[in-house]
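Dear colleague,

I am passing on a structure that you have not seen before. Please look through it first, and then read the notes below.

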Amino acid sequence: MGIKCPIRYYGIISDIVDMEADLAEFNGDVPSLHDLKLALEDAFPDMREVNYLFAVNQQLVSDLSMELKENDEIALLPAFSGG
Amino acid sequence: MIEKTKKNCFHSGAIAAEFIGNSIAKHQTKTSIGAHQIFLGQVRADIIDGKEVKAIEYTAYEAMAENVLHDIREVAFDRYDLTCMHIHHSLGVVKAGEICLFVFVSASRRKAVFDAITFIVEEIKAKVPIFGKEIFEDDTYVWKKNT
């Protein structure tokens with residue numbers, strides 16, 4: 001059984017994937033952030049050139065082995081440049 | 001009275017000088033205040049690879065940004081003896097020379113506001129998920145990197 005998670009893309013990453021938001025569908029095993037990162041970098045090789053952080057449900061996550069649950073809101077955040 | 005309610009910090013477009021002036025005026029009834037400190041971030045017409053920045057377009061992961069700003073406020077109120085604090089950041093297009101960030105802190109004494117303003121501005125730059133697109137006169141752009 002798979003799960004679906006909304007994904008938001010920001011800054012230069014939204015240019016690379018040419019989207020600001022999407023719904024990711026994962027089939028089979030429980031997906032982790034690392035699985036998502038690999039899938040995105042396969043689909044969009046330019047992602048490998050960018051430093052970015054993941055947020056899940058609006059909290060930064062540094063441990064990419066974190067398992068995703070149905071409807072977790074994932075955001076890909078490149079370097080912040082406010083102010 | 002200490003203001004601690006969660007509030008929207010984002011403004012569409014530039015922050016007008018009148019808005020800043022009105023914010024100052026609103027504090028004249030709070031007579032326990034003896035010191036204000038203001039930081040204004042202004043869009044700089046940087047030259048990048050020979051092209052001049054004419055504007056920055058800001059986007060933010062707003063829900064997370066508001067939470068982070070709320071946390072910054074909480075820490076600042078805990079750490080410094082402030083009477084009140086206001087943070088306003090632009091979203092959308094802000095032209096070179098216009099104001100994109102307005103931080104305003106007030107306290108009974110000057111030491112607290114000097115220390116707090118530095119802390120708050122540095123925290124905003126480092127921790128709030130805001131993204132600036134530097135737009136050139138020919139409408140090409142680069143994503144801004146904070147230095």
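The notes that follow go from the chain as a whole to one residue.

This is a predicted model, in which local features need pLDDT of at least 70 and side-chain atom pairs count only at pLDDT 80 or more, while totals for chains, interfaces and linings use all residues. Residues are numbered from 1 along each chain as its sequence is written, chains are lettered from A and ligands numbered from 1 in the order in which they are written, and side-chain values use heavy atoms, with hydrogens and water left out.

Chain B holds three helices and eight strands (DSSP runs, H or I of at least four residues for helices and E of at least two for strands, numbered from the N terminus), and along the sequence they follow the pattern β-α-β-β-β-α-β-β-α-β-β. The radius of gyration of chain B, taken over C-alpha atoms, is 16 Å, close to the 15 Å that the globule rule (2.2 Å times the number of residues to the power 0.38) gives for 147 residues, so chain B is as compact as a globular protein of that length. Its C-alpha trace spans about 50 × 30 × 25 Å along the principal axes.

Of the 147 residues in chain B, 48% are buried, meaning under 20% relative accessible area with a 1.4 Å probe, protein chains only. Among contacts (heavy atoms within 4.5 Å) between residues at least 6 apart in sequence in chain B, 77% join residues at least 24 apart.

Ser23(B) lies in helix α1 (residues 17-26) of chain B and is buried, with a relative accessible area of 9%. Leaving aside residues up to four places away in sequence, Ser23(B) touches Phe102(B) and Phe104(B).

Key: Buried < 20%, exposed > 50% of the residue type's maximum accessible area, 1.4 Å probe, protein only.
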